[in-house]
Amino acid sequence: MTTPPGMPDANSHATELRRRWTLPENACFLVELRFALISGTGDWRAMVRTWTQPWATENDLGGIPLAGANLSGLDLTGVHLSYGDLRGATLTGCDLTDVSLTDADLREASLVGTVLTRANASLCDLARADLTDANADDALFSRARLTGAVACRASLRSARLVGADLADADLTDAVLVSARTDGMLLTGARMQGVRRGSLYPSRVRTGQWTREILADMLSTSTTSKRGSSRGFRAASRGR
């Protein structure tokens with residue numbers, strides 16, 4: 001599709017962000033920045049602030065190549081990582097609150113216990129990534145690719161997963177209360193113990209729901225409703 005005249009070209013923007021890290025004049029800075037990020041030593045935000053003069057922004061890591069990097073426990077709050085290459089990176093225990101991950105490549109990355117509150121991961125590739133115990137409340141995953149991802153016990157309260165592809169993902173014991181799931185693909189996904197709130201088969205594209213998934217979801221719903229009814233009747237008798 002041709003970009004209308006006067007409108008920004010998203011592909012060109014992504015290419016430019018990625019290309020700047022390959023320029024010879026930025027090679028030394030990239031080495032130093034990667035070392036600061038991976039080692040956890042030095043003020044990497046100050047380094048970025050100096051590098052981005054005269055705009056002096058400390059959050060601009062858009063398009064950065066960090067494939068395979070170990071960034072465990074790093075505070076990346078509010079950082080712009082859109083279009084970045086984070087394939088196989090270790091982000092275990094990182095704080096990614098309010099981070100931008102639009103169209104970033106996080107295939108097979110480890111985000112175990114990572115905080116992704118209000119993160120924008122639309123169009124992000126998280127195929128086979130590990131999000132076990134991650135907190136992604138209010139995060140945006142619209143049209144993201146999470147095929148084969150593991151999100152056991154992950155919290156996705158009020159997250160937006162519109163059009164996201166979770167085929168063959170493992171969502172065991174995940175929390176999807178109040179999540180937006182219109183057009184979400186769940187073919188082959190494991191959903192035992194999911195707390196789903198308003199997530200119903202009619203609101204997602206499942207291909208073919210397995211008997212096991214439907215039975216588990218329906219039994220969980222029935223048990224919850226029965227428990228609520230018993231509690232209400234008991235409270236009424238106590239009045």
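Me: Which residues have the most contacts inside the largest nonpolar core?

Reply: General idea first. In soluble globular proteins, nonpolar side chains tend to be buried together. Now this case. The largest nonpolar core has 59 residues. Trp 44, Leu 101, Leu 106, Leu 111 and Phe 141 have the most contacts inside it.

Me: Which helix gives the most to this core?

Reply: Helix 2 does, with five residues. Helix 2 spans 27–39, and helix 3 spans 44–51. Each of these two helices supplies at least two residues of the core.

Me: How many disulfides does the structure hold?

Reply: A disulfide is a covalent bond between the sulfur atoms of two cysteines. The structure holds zero.

Me: Is Cys 28 buried or exposed? And Cys 94, buried or exposed?

Reply: Compare the relative accessible area with the cut-offs: under 20% is buried, over 50% is exposed. Cys 28 has 59%, so Cys 28 is exposed. Cys 94 has 0%, so Cys 94 is buried.

Me: What is the mean pLDDT of the chain?

Reply: The mean is 85, and 78% of the residues reach 70 or more. Over residues 1–8 the pLDDT is below 50. Over residues 218–239 the pLDDT is also below 50, and that stretch has one contact beyond near neighbours in sequence. Where pLDDT is low, the predicted coordinates should not be read in detail.

Note on methods:
Residues are numbered from 1 along each chain as its sequence is written. This is a predicted model: local features need pLDDT of at least 70, side-chain atom pairs count only at pLDDT 80 or more; totals for chains, interfaces and linings use all residues. Side-chain values use heavy atoms; hydrogens and water are left out. pLDDT is the predictor's confidence in each residue, from 0 to 100. Contact means heavy atoms within 4.5 Å. A nonpolar core is a set of buried Ala, Val, Leu, Ile, Met, Phe, Trp, Tyr and Cys residues joined through side-chain atoms within 4.5 Å. Buried means under 20% relative accessible area, exposed over 50%, partly exposed in between (1.4 Å probe, protein chains only). Helices (H or I, at least four residues) and strands (E, at least two) are DSSP runs, numbered from the N terminus. A disulfide is a pair of cysteine sulfur atoms within 2.5 Å.
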